[in-house]
2 protein chains.
Amino acid sequence: MADVAAEAHVSVKTVSRVVNREPGVRRDTEQRVRGVIDRIGFMRHDGARILRQGRTQTIALVVEDLANPFYSQIGAAVEREARIRQHQLITASAEGSPTRERVVLEGLINRRVDGLVVVPAGERPATDPTVSASGTPIVYVDRPVRGEPCDTVISDNPGGVRSAVEHLVANGHRRIAFLGDDAEFWTARQRREAFVAIHDALGLPGDTRIAMGPHTVESLAPRLDAWSRERTPITAVITGNNRVTLNALHAMRQVGIEMGLVGYDDFELADLIEPAVTVVHQDPTSIGQKAVLQLFARLLGDESPAQTVVMPTRLIVRESGRLPASLRARKALP
Amino acid sequence: MADVAAEAHVSVKTVSRVVNREPGVRRDTEQRVRGVIDRIGFMRHDGARILRQGRTQTIALVVEDLANPFYSQIGAAVEREARIRQHQLITASAEGSPTRERVVLEGLINRRVDGLVVVPAGERPATDPTVSASGTPIVYVDRPVRGEPCDTVISDNPGGVRSAVEHLVANGHRRIAFLGDDAEFWTARQRREAFVAIHDALGLPGDTRIAMGPHTVESLAPRLDAWSRERTPITAVITGNNRVTLNALHAMRQVGIEMGLVGYDDFELADLIEPAVTVVHQDPTSIGQKAVLQLFARLLGDESPAQTVVMPTRLIVRESGRLPASLRARKALP
């Protein structure tokens, strides 16, 4: 740390602040310090502090699909945070299967990983006997588990859905549908429940359309087409995650439907599609970071009660929430 | 294996063929067998075959950026192949820094991973002393290393660039530019060289425009604008990878340029952008799979000379390669 301080012409305290992400460091100073750290390969010695008999300095991340951008961004954040603490990251996929998840978790425990960050597959009790027996700290991400409280980092799903519905209503939509992912997923169910609750709260039509997945382009195209042709048609949909959004966009294109859309999860080209897609942004990088920080707190001896951190979402308003021109005319009819 | 065969009503030999990806199994049979394997959690016992003193049944993947879809798809394929062989996967990022890569590789060797799949950062000699001394098998992916031959899986970059240029020429383009990524990357340089070579071979104008990155939307917007205003303007660009494509698309949108485009690397919404983006598709899943299969061959005792596998690319023709209408008129002028 002294080397970094000398090289960056700052005090050791400043280096420490940067490394520990404490406030009070100017942006340009922080960048200079990070540059030096990167250059000379300095690494924080949390490793040394927590290394003791039996520790492997390895943590593991178990997700559903490593290629899904939401999870790969969580993965990149977890890897980075682990690396600067001199820990290696094992990544594993349970491909959404609770059976496979159990096998994967057992394998990781047998290898004596020091801690786990897990997106639980399906819904299952927190008291996974293998994990509990091992005493390995675990932080659940994206979805909680049932039973006794566990460290968990989730998104503000009700808040996210509320912002989506309110945005659509402000744009003149009244008949809004919800396309959720598989109801087996807690997030899908929670977003659906939030959708129903906000509908009631705003006094919107009670006979709205809700369809839970799995969805494909082929299943969505006729469904959206039918919805758009009802006597009082659906004029907008909210899609429950990035997978559903992609399929819905393809389906809308296929049948040539003009319909408002707010997608859950931002995606890289949302602003280049016509119309640019308005989304509820969850921040996978912050979610991953938060989970690792909590895990390392446990590894460093934090024995406070289990905590659930709810990360805020943010509505990114582009164009797709507007009432399409073709529907504005129709709205004037009785 | 006998259990799987009984459950799927096929012979043990058929199960073996499916697991080893050998030909001669009907598609529906293969799917049934895979379904059973997934359900009963069968795992191939390569693990048992290669397990001996000192093996950890862990392999590692080192890439530049775990959140980049090209690498995350490689990662998902590597994890899957490792998992069905009862090996765990450590993933690490060197963030493009050779210095950090050395630290990461040393860390992995010290942990005695059994094998490594590495996208090398920058260009560096194959004879990494730490890796060589350990005798740990290593397969390089996406980019080769210098010096003595190593197991390597790369894409057919010259073939990919050639297909892009030929497609643009067939659509009436003559003045085509190349936007490569940072010339520090071997792939960026190889694609640039292929671009120049195919220009010569086809007798295209010799004074074409080539710009290597790193690029940002801010740097690309004025550049593309200037190119499109030259006396004999550039009418199309080839972008050297997915990052450059995204930035170029944003830049074109920003300055409102109509220009032909073929992007290197497919991306999920390429077909929903207006005009739909024609791309050179590399197959990251197959690349990852190939690399793992080669690594496991080495772990199983294959001592044949190092091999370089060149994976084919495929041009996915959508709309962006066409000569924009506004340029077709101009072309008629002297």
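In which strand of chain A is T278(A) found? T278(A) belongs to strand β10 (residues 278-281) of chain A; helices (H or I, at least four residues) and strands (E, at least two) are DSSP runs numbered from the N terminus. The model is predicted, so local features need pLDDT of at least 70 and side-chain atom pairs count only at pLDDT 80 or more, while totals for chains, interfaces and linings use all residues. Residues are numbered from 1 along each chain as its sequence is written, chains are lettered from A and ligands numbered from 1 in the order in which they are written, and side-chain values use heavy atoms, with hydrogens and water left out.

**View 1. Surroundings of T278(A).** T278(A) counts as buried because its relative accessibility is 0% (buried, under 20% relative accessible area; exposed, over 50%; partly exposed in between; 1.4 Å probe, protein chains only). Its side chain reaches the backbone nitrogen of R318(A) at 2.7 Å. Leaving aside residues up to four places away in sequence, T278(A) touches residues including H167(A), L261(A), I316(A) and R318(A) (contact, heavy atoms within 4.5 Å).

**View 2. The interface of chain B and chain A.** Chain A and chain B contribute 41 residues each to the contact. About 3600 Å² is buried between them, 53% of it given by carbon and sulfur atoms; buried area is the accessible area (1.4 Å probe) that two parts lose on being put together, summed over both. Q88(B), R111(B) and L272(B) supply 19% of the area that chain B buries against chain A, more than any other three residues.

View 3. The rule finds four salt bridges between chain B and chain A (a side-chain nitrogen of Lys or Arg within 4 Å of a carboxyl oxygen of Asp or Glu). On the side of chain B that touches chain A, α5(B) gives the most, with seven residues.

**View 4. Strand pairing between the chains.** Strand β2 (residues 88-93) of chain A pairs with β2(B) in the antiparallel sense over three bridges (pairing requires at least two DSSP bridges between two strands). Within this pair, I90(A) stands opposite I90(B).

**View 5. Strand β6 of chain B.** All five residues of β6(B) (residues 176-180) are buried: I176(B), F178(B) and G180(B) lie on one side, and A177(B) and L179(B) on the other. Four bridges join β6(B) in parallel to β8(B) (residues 236-239), where I238(B) stands opposite F178(B). β6(B) also pairs in the parallel sense with β7(B) (residues 210-212) over three bridges, and G180(B) stands opposite M212(B).

Technical notes: A polar contact is a pair of N or O atoms within 3.5 Å; within protein, one must be able to donate a hydrogen and the other to accept it, and residues adjacent in sequence count only if both atoms are side-chain atoms.
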